[in-house]
Amino acid sequence: VGPKLFQYVIKVIVQAVQLLYRMLKIDQPSYVLLQNPPGLPAIAVAWLVCLLQRSKLIIDWHNYGYTVMSLSHGRSHPLVQIAKWYEKLFGRLSDYNLCVTNAMREDLWVNCNIKAVTLYDKPASYFKETPLELQHRLYMKLAKDYEPFKARTESVSGSTERSAFTETDGQSGQVTKARGRPALLVSSTSWTEDEDFSVLLKALEGYEQYISEGAELPPLVCVITGKGPLKDHYNRLIHKLHFSHIQICTPWLEAEDYPLLLGSADLGVCLHKSSSGLDLPMKVVDMFGSCLPVCAIHFECLHELVKHNENGLIFRDSNELAEQLKMLFSGFPTLEGKLHRFRENLRASKQLRWDESWDRTVLPLFGQNE
C-alpha cells in the first residue's frame, strides 16, 4: 500500500532485518561470498555481519545493481543515484572482490577505487553435447506438449518412433536424424528489459522472406526458454506472426532438460544487452560448454567471450542477424561451412569448467591472505 517509493523503502528495510537475522543465526563463517547484483540491502548487511563476526567479505561483481535499476527508472532517477552511491560506498568496504570481465575490473578500479580479480563465468560439467539417443528421448518428451517437436509425417511402421528431428529404426531401435529435418535454434531469456526479442522476431521474418524468394534454407524451429515479466507481451507478438517455414515455442523446461536441449541444438541466439556494458551473458557460457555456436547481439565487452567468426557471430540489428541465419543454414545439414567450423573450434578449445576455474583463480587468493 502507499506510493511506490514508500513501498520500496519498506521492502528494503524488511529484507535487511530478515537477512541480518538469518545471517546472525548461522555458525560464524570465515568468509561471506556475496554475488552482486542484487546488492541492496545485501552488501550493507553482509558487511555488518562480517564486522560483528570478524569474517572476510568477498563481493562477486556480475554487474552493477544501479544500472539494472536504470533500465526501468532511467539513469537520473533519485533511487538509481542513491543505489549508485550505496554500491560504491559499501563495495569499497569488502575484503576481496571478484568480477566477470576485464572491462569491469578496470571500471571498478578507475571509478570505484576497488581492486578486483577477473573470474570468468564457466559452464558446469553437465553442459556438453547431447548423445543422439538422449536427443531423441528429449524430443519425444517435448513433442507431447509442443507442436514443433512432433514428426511432420506419420510413421509407416508402427514400431518406429518419430520426432521432428529424429527417428528410430523399427527393428534395431537405432536412432538416426530425420531426413529433411528442420534446423533447431535456441535462445534463453528471463524476459526482462535488457533483452529485446523483437530483434529476433524481425530477423525470423527476414529468414522467411529469403525462403519465399527461393533461397534453399531448411525450415526452422525456434525455441525460446525461460520465465519473466515480459513473456506474455512477446507471446502476443509471436501469435500475430504467420510463418510457413518457421515454428516458435516458448517452453519452461525442467532443470535437467535445459542442458540436453543446448547440447542438441544447431545454433544459439543471445539478445542480452548488458545494462552496464561490463558483464557477459551466462547463457552464452552454457551454450559454449555444450559446443553450440552462437549469434550474439553486440555490446561493449562481448568480445571477451564471443570471438567473431571463430566461435560464433556478433550482430547489431535484426537485418544483420537475418543475413547471418541465411549464411549459417545455407546447405544445412551439411558438415561444411561456418556453422560446422564454429562447432569444431568449440570442441577443440577445451574450455575450463567452473570448478577448475575457481581452483585456479580464487583459492590462491585465500591462501595468500591466511
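The largest cavity in the protein has a volume of about 50 Å³, where a cavity is a set of points, on a 1 Å grid over the protein atoms alone, at which a 1.4 Å probe fits but from which it cannot get out; the volume is the space filled by probe spheres set on the points, with grid points joined across faces, edges and corners. The structure is a predicted model, in which local features need pLDDT of at least 70 and side-chain atom pairs count only at pLDDT 80 or more, whereas totals for chains, interfaces and linings use all residues. Residues are numbered from 1 along each chain as its sequence is written, and side-chain values use heavy atoms, with hydrogens and water left out.

By this rule, the count comes to 1 cavity of 30 Å³ or more. The largest cavity is lined by Q135, Y139, F165, T166, K177, R181, L184, S264 and D266, lining residues being those with an atom within 4 Å of a point. This lining comprises 3 nonpolar, 3 polar and 3 charged residues, with Ala, Val, Leu, Ile, Met, Phe, Trp, Tyr, Cys and Pro taken as nonpolar, Asp, Glu, Lys and Arg as charged, and the others, Gly among them, as polar.

The largest pocket, a pocket being an open set of points with protein on both sides within 12 Å along at least five of seven lines, has a volume of about 1200 Å³. Its lining consists of 49 residues, of which P37, V68, S190, T192 and D194 lie nearest the centre of the pocket, and divides into 22 nonpolar, 17 polar and 10 charged residues. At least two lining residues are supplied by each of α1, β1 (31-36), α3 (65-73), α4 (78-91) and α10 (282-289), and α3 gives the most, with 7 residues; helices (H or I, at least four residues) and strands (E, at least two) are DSSP runs numbered from the N terminus.

In the protein chain as a whole, there are 14 helices and 12 strands, and the C-alpha trace spans about 70 × 45 × 35 Å along its principal axes. Of the 370 residues in the chain, 49% are buried, where buried means under 20% relative accessible area, exposed over 50%, and partly exposed in between (1.4 Å probe, protein chains only). F288, found in helix α10, counts as buried because its relative accessibility is 3%. By contrast, F6 lies in helix α1 (residues 4-25) and counts as partly exposed, because its relative accessibility is 44%. Together, L5, F6, V9, I10, I13, V14 and V17 make a nonpolar surface patch of about 610 Å².

Several backbone features were also noted. The peptide bond from N36 to P37 is cis, with omega near -10°, and the bond from P37 to P38 is likewise cis, with omega near 5°. Positive phi values of about 55° occur at R54 and at C291, neither of which is a glycine.

Terms used:
Patches are made of residues with over 30% relative accessible area and no salt bridge: like charges are joined within 9 Å, nonpolar side chains (Val, Leu, Ile, Met, Phe, Trp, Tyr) within 5 Å. Accessible areas come from the Shrake-Rupley method with a 1.4 Å probe; for residues, only the protein chains shown count as cover. A salt bridge is a side-chain nitrogen of Lys or Arg within 4 Å of a carboxyl oxygen of Asp or Glu.
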